[in-house]
Amino acid sequence: GDHRDLHLCDRRQRQMCIRDRGMMDFGTDSIEIDASQFNGDVELHADYSTAPCTDANCKSFELRFGDVPVPTAKTTYSCWQWPIPENLRNEHIVRIDPIVDNVKNAHHFVVFISDQQIPLGPNCAMKGEVVYAWAVGVEDFRLPKQTGLPLNGQYISIQAHYDNSEQVPGIIDSSGLKFYVAPKRQETASMLWLGQWMGAGMPEGEESVIIHGVLSFGA
């Protein structure tokens, strides 16, 4: 937590100078002081920490790539896979924290659940149900208190996209994700993908390009 002294009318600190009657607002907490009956200092102790998971029997684990050399190619994909312990199957993922060693080279991570093993290493393909994706700028992902992502397969896999646009050799990465898992919640969440593949991208010399896509719904 963050503990500090607060002195009334000290403009170096973030508070209001109280006259006849004043109020100081700190987030969801507020303090009222009758200045006509008070002359002195106020000491506040604020704790900004929050529990990462408040569910009963909440567990956490990290999945990290483990000192992998980042290829010197400008853009590459690699996959890792881990078996899901039986005691965690059919539970819910309630929070995911990114662990990013190289912000300059990590482009995005995709998490998917499957019942089959996949080819690992570079240039791999995703197989299974995608449950989460991280990209640059995304912070901790927390689901609503009644909702969780299903952990109902035999394997959990992460595909990482590395961007080494300057083709620097010798970069080692040990990024990954930290998962918080709790007993199955009331609601089950899933991921919806929307978008259109651009193929070769923007043609040279064009100011704008229109790409048509079709969204179809299966039975």
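Okay, housekeeping before we look around. Since the model is predicted, local features need pLDDT of at least 70 and side-chain atom pairs count only at pLDDT 80 or more, while totals for chains, interfaces and linings use all residues. Residues are numbered from 1 along each chain as its sequence is written, and side-chain values use heavy atoms, with hydrogens and water left out.

Let's start with the cysteines. How many disulfides does the rule give? If we take a disulfide as a pair of cysteine sulfur atoms within 2.5 Å, the count is two.

One of them joins Cys-53 to Cys-58, with the sulfur atoms 2.2 Å apart. That link is right-handed, at 115° about the S-S bond. For exposure, I'm calling a residue buried under 20% relative accessible area, exposed over 50%, and partly exposed in between, using a 1.4 Å probe and protein chains only. So Cys-53, at 16%, is buried, whereas Cys-58, at 26%, counts as partly exposed.

The other pair is Cys-79 and Cys-124, whose sulfur atoms sit 1.8 Å apart. It's right-handed too, with 80° about the S-S bond. This pair links distant parts of the chain, 45 residues apart: Cys-79 is in strand S7 (residues 75–83), and Cys-124 is in the loop between strand S10 (121–122) and strand S11 (129–135). Strands here are DSSP runs of E, at least two residues, numbered from the N terminus. Both Cys-79 and Cys-124 are buried.

Now on to strand S13, residues 147–151. Why do I call S13 largely enclosed by the rest of the structure? Because five of its five residues are buried.

And what does S13 pair with? Pairing means DSSP finds at least two bridges between two strands. Strand S8 (residues 91–99) runs antiparallel to S13, joined by three bridges; Glu-91 has Leu-151 in S13 as its bridge partner. S17 runs parallel to S13, with two bridges, and there Thr-147 stands opposite Glu-187.

Last stop, the segment after strand S17 (187–188), which is where you'll find Trp-193. Together with Met-126 and Met-191, Trp-193 forms a nonpolar surface patch of about 290 Å² accessible area. Areas are Shrake-Rupley with a 1.4 Å probe, and for residues only the protein chains shown count as cover. Patch members need over 30% relative accessible area and no salt bridge, and nonpolar side chains (Val, Leu, Ile, Met, Phe, Trp, Tyr) are joined within 5 Å, like charges within 9 Å. A salt bridge is a Lys or Arg side-chain nitrogen within 4 Å of an Asp or Glu carboxyl oxygen.

Note on methods
Helices (H or I, at least four residues) and strands (E, at least two) are DSSP runs, numbered from the N terminus.
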